[in-house]
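Me: I am new to this structure and would like to go through it step by step. Could we begin with one of the helices?

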Amino acid sequence: MTTDFTEAYARFISDSPSSFHAAQQIVQALGDAGFSHQDEAAPWAGHDRGYVVRGGAVIAWQLGYAGSDGGFRIVGSHTDSPSFKVKPTPGSSAFGFGQVNVEVYGGPLLNSWLNRDLGIAGIITDIHGEAHLVKTPAIMVIPQTAPHLDRSVNDRLELSRQADYHPIWALGAADLAGYLADSAGIAPEEIAGHDLFAYDVQAPAVFGGADGDAFFAAGRQDNLSSVFASLKAFLTTTAGLPGEDIAVFAAFDHEEVGSSTYAGAAGPFLENTLRRIAESLGAASYDAFAQMLARSSCISADAGHSINPNMPAKHDPNHQVALGAGPLLKVNANQRYATEAKGSALWRRAAACHGVATQTFVSNNDVPCGSTIGPLTATRLGMTTVDVGIPLLSMHSVREISCPADVLALAKVCEGYWVGA
C-alpha cells in the first residue's frame, strides 16, 4: 500500500503546480466520491456531504449522526507554497533576453531556485471574471553568475531579490502576455488580471536506502503533504458510516503570506461555512452554534522540520525528530503552535487507532519558531486545536525532502481522528 500511496502522492504534487490546481484536484476527488458542490452565493442546500470553493481553498464536510448535538472534527491544511509570483506587467527585455517580472511569494529558500527548469502556473481572469487555469511547461530559468566572474560565490551568496532573481524566458523581446493568454485559451486583450506563480517542472522522485524508498523529493510538500494525507483520510472515513461529529476537511490558501485573505485561515471562510452547516441542522441561534464549537476540535496539519544531520545545533538537543520516525506533534511555549495538553491527548488517541508512532517537535531556544494556521483557527473559533505535520528536510526549497512512510502515517492518524478518537 505504501507504494500505491506514494505514487498517488507524486501524481497529486505533479498535478498541483499552484494552489488553484491543488483545489481543482481536491474538487475532482470530492466529486468522484459523491460530494455535492455548494454555491456560497446561493441559499444553503443542506447537503449531507458537500464542499465549497474559494479560489485555491476548499472546505468539505460530512454530517455526523448526532446532528447539531455533536460538534465539528476539522483537519486544516494549506494549498500554497513559497514561490515567485508574476507581476502585473509580466514581461520585459534586457540585453537581448526576454525576462519574466516576478516578486517573491512567501519565504522560499531563494538560492535553491537558481538554475532550475521553471514553468508558470495559476489562473488568468478575463474581463467577465471567469478564471482560466494555466500550466506551462518549462519556459524560464534564473541563471546564476559563474564563479569565474564572482570569486566569492562559494564563500558567501548575497543576491538581490529584484536584480538577481529575474528569470529569462526567451531570446529577444518575445510577447510573454500573448504566450500566457494562448496557454489560457483567451486573447491577450481579454486578460483582466492574473495570479501566476513559478514552479519547478522536475517530477517527484523516490530513492535512498537499501530498498530505494527512504526519501521522497519534490517541490511544494509544504504543504501538499498535509493536503494529500488529510484528503485521502477524509475520503476513506466518509466512505463508511458517518461518525457522531461532523467531519470537516479544510484546505486554505495564502498561509505562506500570513493567511489574512478571503481564502486564508485568518479570514471568515471556515467560520461562515461551519455556521451555515449548523443552521442547516437547526442550530440557528448564536448559543446553539457556540455549543457546537465547544464540542469541536481541529488538527492543524502543516509540515515541520526534521533534524539536519549536518546542522544539529539548530535543533533542540532533547527533541531531535527525524525523517521516517512518524509525523510530528508541534509544541511552542509562546503558542506559535496552538498545541496544549488537551490537544496532545487527542492527537495521541488518534495515532493509537492505527498504532502510528509520532514524534514531538519543539524549537531550539536560540532559533525563532515559525507559525501556521493552528493559532489562527484557535483564536477565531475558540476550539481545541493541535498543530502537527510530517518532518521535512530542505523546507521552503524548490525541492523538499520527506519520507513516504511519514505521509501515509499522517493519513492514518487523520483517519483515527475522524472516526472518533
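Me: How many residues does helix H5 have, and how far does it reach?
Reply: In this predicted model, helix H5 covers residues 269-280, which is 12 residues. From the first C-alpha to the last it reaches 17 Å, close to the 16 Å expected at 1.5 Å a residue.

Me: Which residues of H5 are buried?
Reply: The buried residues are Phe-269, Leu-270, Glu-271, Thr-273, Leu-274, Ile-277 and Ala-278.

Me: And what do they pack against?
Reply: The buried residues of H5 pack against strands S2 (49-54), S3 (57-62), S4 and S13, and also against helices H6 (286-294) and H8 (373-381).

Me: What comes just after H5?
Reply: Gly-282 is found there, with a positive phi of about 95 degrees.

Me: Let us change topic. Which residues touch the most other members in the largest nonpolar core?
Reply: That core has 52 residues, and those touching the most other members are Ile-26, Leu-30, Phe-234, Phe-249, Trp-347, Val-388 and Trp-418. Helix H9 (residues 404-418) gives the most to this core, with nine residues. Apart from it lies another core, of 27 residues, which includes Leu-63, Ala-250, Leu-270 and Ala-278.

Me: What is Trp-418 in contact with, leaving aside neighbours within four places in sequence?
Reply: Trp-418 is in contact with Arg-73, Val-75, Ser-230, Ala-233, Phe-234, Thr-237, Ala-247, Val-248 and Phe-249.

Me: On to charges. How many salt bridges are there in the whole structure?
Reply: A search finds six. One of them joins the side chains of Arg-73 and Asp-245, at 3.0 Å from N to O. Arg-73 lies in strand S4 (residues 72-78), while Asp-245 lies in the loop between helix H4 (221-238) and strand S13 (246-252), so this pair ties together parts that are 172 residues apart in sequence.

Me: Are those two buried or exposed?
Reply: Both Arg-73 and Asp-245 are buried.

Me: Where do Asp-200 and Arg-116 lie?
Reply: The side chains of Asp-200 and Arg-116 meet in a salt bridge of 2.7 Å, N to O. Asp-200 is in strand S10 (residues 191-200) and Arg-116 is in the loop between strands S6 (97-105) and S7 (118-126), so parts 84 residues apart in sequence are tied together.

Me: What does Glu-415 form with Lys-412?
Reply: Glu-415 forms a salt bridge with Lys-412, with the closest N and O atoms 3.9 Å apart. Both lie in helix H9, three residues apart, about one turn of the helix. Glu-415 counts as buried at 10% relative accessibility, whereas Lys-412 is partly exposed at 21%.

Conventions:
Residues numbered from 1 in each chain as written. Predicted model: local features only at pLDDT ≥ 70, side-chain atom pairs only at ≥ 80, totals over all residues. Heavy atoms only, no water. Core = buried A, V, L, I, M, F, W, Y, C linked by side-chain atoms within 4.5 Å. Buried < 20%, exposed > 50% of the residue type's maximum accessible area, 1.4 Å probe, protein only. Helix = DSSP H or I, 4+ residues; strand = E, 2+ residues; numbered from the N terminus. Contact = heavy atoms within 4.5 Å. Salt bridge = Lys/Arg side-chain N within 4 Å of Asp/Glu carboxyl O. Expected span 1.5 Å × (residues − 1).
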